[in-house]
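Please read it with the coordinates at hand.

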Amino acid sequence: MKLRKQVTVCGGAIFCVAVFSLYLMLDRVQHDPARRQSGGNFPRSQISVLQNRIEQLEQLLEENHQIISHIKDSVMELTDTGAVSPSGHLPFRSANGSWVLPFDGRPTFLAVKPQDCQFAAGSRGQADVQMLDVYSLLKFDNPDGGVWKQGFDITYEPEEWDNEPLQVFVVPHSHNDPGWIKTFDKYFTDQTQHILNNMVVKLAEDPRRKFIWSEISFFSKWWETADIHKQEAMRKLILGGQLEIVTGGWVMTDEANVHYFAMIDQLIEGHQWLERNLGITPRSGWAVDPFGHSATMPYLLKRANLTSMLIQRVHYSIKKHFASTRSLEFMWRQSWDTGSSTDIFCHMMPFYSYDVPHTCGPDPKICCQFDFKRLPGGRINCPWKVPPKTVVEANVAERAHLLLDQYRKKSKLYRSKVLLVPLGDDFRYDKALEWDQQYTNYQKLFDYMNSHPEMHVQAQFGTLSEYFNAVYKAHGAAQGSRPADYPVLSGDFFAYADREDHYWTGYFTSRPFYKSLDRVIESHLRGAEILYSLAVANARHAGMEGRYPVSDYALLVDARRSVGLFQHHDAITGTAKENVVIDYGTKLLRSLIGLKRVIINAAHFLVMKNKEFYRFYQTDILSGLSSPLPPPSATPPPSCASDCFFLLSTRYLVLFNPVEQERLCAVTVLVNTVRVRVLTEDGQTLPVQLSAQWSTASQMSAESIKRKDDPQEVKVQMQFMVYGTRPSKDKSGAYLFLPDGKAKPYNQKEPPVVRVVEGPLFSEVVAHYQHFHLVLYGFAFSGVDGLSIDITTMVDIRDQTNKELAMRMVTDIQSGDVFYTDLNGFQMQPRRHYLKLPLQANFYPMPSQAYIQDSHHRLTLHTAQSLGVTSLESGQLEVIMDRRLMQDDNRGLGQGLKDNKKTANRFRLLLERRSTGNKMMDSATNSFPSILSHMTNAFLNHEVLALPVLPKRRGIPPLQTFAPLKSILPCDFHLLNLRSIQSQQQDPHSPSPYTALILHRLVLDCGLEAQNLGFNCTTTQGQLNVSGLFKNLDLQLLQPMSLTLMHSSTPLANDSSISLDPMEISAFKLKLR
């Protein structure tokens, strides 16, 4: 079924049940019953089947968002103010021609405590290095630095290490992408399983050998296929300190396009797996390949109790600057932190890449000679034309001195006499020969160095945490604390350039169809987790534990892992090969179908009035987006005229509101009759807006928007622009954005066809252009949805060559060169447009919103999918909606971007007036959304799900609204997840009696004028009583946990209030029954 929002009121209940006489069409993700039983495991050999799935999936998303002119819209609302129309129907036109709505005067209150406004306006702790200042300072020129092309010549005095020898930790690693050139499964079969199999044998040969591993998606697959002896050998290596698991996430996540819900979820999935199977807790983060780094990541790692982290892909000019000031190691602090509680120790690698030629020191020609996989006779060689030599007694002295010279030069860039030297590359160590080549030759070099005191060096294999521990020890600092004189940094590391003007800003938009699908599935995953946890707890409370389908937990695990896999830095980024993209899409689609099942089963159980009637096998009472019903054109049985068929057919609908606040909102259902009456659970009639009159216009221009209560008009013009790519040499591709100059206006010969609909509940404008359809909605009722304009663009550029389509908002807001983009939906980051940088360098990721402001207004563009955004001139906001590129951009992919799909991009445009009292200077480093902005984003990203009730011959058992919350959640609290925790037994697909409650306390900017939000909003200075939160459930355990549930604190008294600081994300272990 198509679920769109037009207008409904979903009341304080998480569900409302409405009776209505209409025939519903259900979605097109139909799959035959036989296949449904198998959980949608599609035959891998049939590429056409996969393609077909993706097309269906594409169609589903399109239908989920598109306005189809011949379909009539029906709408519901839960309150009745008693206004009576002449005919008894709502809404109606009054004598003066205006519409009378039943909920115009709905009373709501906004009670935000002044203390809860102070944080946004308050002062911050000062960082030594603020990335915005670094950007202002640097020239971003690119002079030739000699052997270190992007750096400078490094010199040292030979006696510098006489008093304190150089400690060198060589850390072997293998970077395993869970999908890129090959699919996840193909990589595992061809390479990864051999790496792990060889590891078990080769590390055991010598206790001095070390290794690090990060991707748990691969590690868990290997573990499941390994026999008990291999598992035991691997466990022994880990517990003995020879193998370290670093970060321990399901994947090494992208940091630009991902939402913090999914970043946390994949980290929990990896850590929970490690806890259950190995009983270990990661200490250090390792991120060598994400294309730029977000400030959200250090916060999440810190909350998960990691003490140190490493990053690599940072703009070469920034690396050079940090190297010259010896600031490559620093304490990374959140820009909003008022103290130092968010600090985490971070190591930035100094050179071009994480491969061996760029990790031993500044000269790749020399370092390449110490990558012993490249010995003559092998498959790969050194591009600098000097091959490695096997280390023998005759040459060991010369080789050791040559390598030590590189080590010493590299160590000059850091503040300690401890040096980290990674030794690895993509999918390395897959053959036993390479283990021997690297470990044997290096051990000879180490033995020589360590036995010659005059060299003043102690070299060994090490793990990442061994390196960090040695740094702390050298400075006399406790693990994870700030060594004396190390700088504090705040800010982030976007955008990334690896050479010349090659900025990796294209991937902020590449393959937007999948970026959009990812967020739809994340919302379903969160909804399914919450409903499943509530259903299981309510079943326990009712003494029906055995009756509720615990088997649904396996569907949740599958979805967590599919979504987790897609957060990988070659998946959501849109930078994998076409067949790999299809594989990701297939896994996501299978998960979506499973999540619908979980939601339907939980909803069915929760809304049943008498739970005794509940039978799992009868679950089909509710249908979600996966039940075959006739399309809307289906004709009724010939035995009855269509009118009587529909009039006699009463249907029920269950609505699920996944947001933690009441919402006055729009819900659309498809009907194939105009004779529709909609009633609430208790029989009140709801207002309905049905078929609209279309009027056509020849030209469209939305020139300004004005708030109803604001005399001041803000000019907002929407323009569509097109970027080309460079005519010669390097061109744009999946990663890089290399435009051929400024964007040109989008032109088509014919003017667009425009249709305008005005109605009592909403008005819409639809404009049809050749390569996109634009749909604008304005809602005529109070509340969050009525305060912004809903924008959907249906983009299809499949007939274009080397073109990128952008949507640009041009306004008269005096924003100067400053604009704001979010990091991972978690925090806002101020940006500046720099003329000294090329155009493509001024683009940033926009996972959830971007805004511009002056002293009077703030204009926010909220988005339901991650895209690239910029502000190229004062008063502008511009977003790239899709890109079609015919060539590879020489970063290893070997393909262009030619598999574009018809893609719906969904936005909300919110104009807010800044209070007259708010004339203080905007902070250079911090900015926060208003409560209205936070809620607009939540409503856009978590749509109400409509679950039709299938008609049954025996009739439908009585249903009632289920509202889980006893008291309203403070409106600066976001329920990030209510996640059932896995059982500690070997079966990962069964839940324990425990649930993880993950909360995020939002920071509100109260300097924007408050509107009627349509719900009661109160704040409590971060206090929350958990035992009083859930209706009809007893709280039997309340235990504060680290973010990924690996570290626990002392349980609190069950009736305690918990307290969250502004911006804090906290996890608690609950036992509910």
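**Sheet and cavities**

Strand β13 (residues 329-332) and strand β14 (residues 344-348) run antiparallel and are joined by four bridges. The model is predicted, so that local features need pLDDT of at least 70 and side-chain atom pairs count only at pLDDT 80 or more, while totals for chains, interfaces and linings use all residues. Residues are numbered from 1 along each chain as its sequence is written, and side-chain values use heavy atoms, with hydrogens and water left out.

- Phenylalanine 330 stands opposite cysteine 346 in β14.

**The largest cavity**
- A cavity is a set of points on a 1 Å grid over the protein atoms alone where a 1.4 Å probe fits but cannot get out, and its lining residues have an atom within 4 Å of a point.
- There are 17 cavities of 30 Å³ or more, and the largest holds about 490 Å³, a volume being the space filled by probe spheres set on the points, which are joined across faces, edges and corners.
- Of the 33 residues lining the largest cavity, His259, Tyr260, Gly825, Asn937 and His974 are the closest to its centre.
- Helix α19 (931-941) is one of the elements that supply at least two lining residues, and α19 gives the most, with five; helices are DSSP runs of H or I, at least four residues.

Conventions:
Pairing = 2+ DSSP bridges. 1 Å grid on protein atoms, 1.4 Å probe; cavity = no way out; pocket = protein on both sides within 12 Å on 5 of 7 lines; lining within 4 Å.
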